[in-house]
Amino acid sequence: MTRRHLRGGEAITYSFAKNEETNILHQLGYYDQQRRFLSYLNDRREWMKAVVAQHLGLNSTDGCYVAKIEAWLCGGFNVCIPISIQGSGKLPGQQVVLRFALPYRTGDNFRPGNGDEKIQCEAGTYAWLQHNCPDVPIP
């Protein structure tokens with residue numbers, strides 16, 4: 001019997017898994033969890049446009065375009081969603097990235113709030129870097 005694995009979605013067998021030093025059973029759930037979470041985000045494209053427009057001080061969401069799901073960047077702990085700003089507004093031709101922590105990787109499923117804590121710690125780190133190390137580029 002083979003199961004889908006998140007890394008490349010390749011099938012994995014017991015003979016491969018038994019030689020691994022990580023909890024493969026836990027990781028096997030990531031593939032379906034990632035698909036569900038990306039679908040959840042994809043259904044909220046208008047909300048993403050509104051958040052970006054508000055954050056950038058744009059008057060409307062008309063010039064914001066969320067990239068297709070195929071262009072989203074999935075890492076081990078985050079998904080980054082490119083959003084293009086077009087038109088004659090403040091940032092025409094620019095692209096921003098909206099980043100979301102993957103709840104199944106931060107432990108939010110069994111300990112709600114872990115994802116929020118991750119974001120708060122990162123924001124605190126960026127604020128500290130900006131204040132104490134202004135030469136270090138931060139997102």
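This is a predicted model: local features need pLDDT of at least 70, side-chain atom pairs count only at pLDDT 80 or more; totals for chains, interfaces and linings use all residues.
1. Start with the core. The largest nonpolar core has 20 residues, and the members that touch the most others are Leu41, Met48, Trp72, Val79, Ile81, Ile83 and Phe100. As background, nonpolar side chains in soluble globular proteins tend to be buried together.

2. Now pick out Phe100. Which residues is Phe100 in contact with, leaving aside neighbours within four places in sequence? The list is Phe37, Leu41, Trp47, Met48, Phe77, Asn78, Val79 and Ile81.

3. Next, look along H3. Its 13 residues reach 18 Å from first C-alpha to last, close to the 18 Å expected at 1.5 Å a residue. Buried here are Tyr30, Tyr31, Gln33, Gln34, Phe37, Leu38 and Leu41. These residues sit on the same side of H3 because they cover an arc of only 160° around the axis. The spacing makes sense: an α-helix has 3.6 residues a turn, so residues three or four places apart point the same way.

4. H4 has 12 residues, which should span 16 Å at 1.5 Å a residue, and the 17 Å between its end C-alpha atoms agrees with that. In H4, Met48, Lys49, Val52 and Ala53 are buried. They fall within an arc of 130° seen down the axis, so they line one face of the helix. Their cover includes H3, E3, E5 and E6.

5. The face pointing away from the buried side carries exposed Glu46, Gln54 and His55. After H4 comes Gly57, with a positive phi near 75°.

Methods: Residues are numbered from 1 along each chain as its sequence is written. Side-chain values use heavy atoms; hydrogens and water are left out. A nonpolar core is a set of buried Ala, Val, Leu, Ile, Met, Phe, Trp, Tyr and Cys residues joined through side-chain atoms within 4.5 Å. Buried means under 20% relative accessible area, exposed over 50%, partly exposed in between (1.4 Å probe, protein chains only). Contact means heavy atoms within 4.5 Å. Helices (H or I, at least four residues) and strands (E, at least two) are DSSP runs, numbered from the N terminus. The expected span of a helix is 1.5 Å times one less than its number of residues. The arc is that of the directions from the helix axis to the C-beta atoms.
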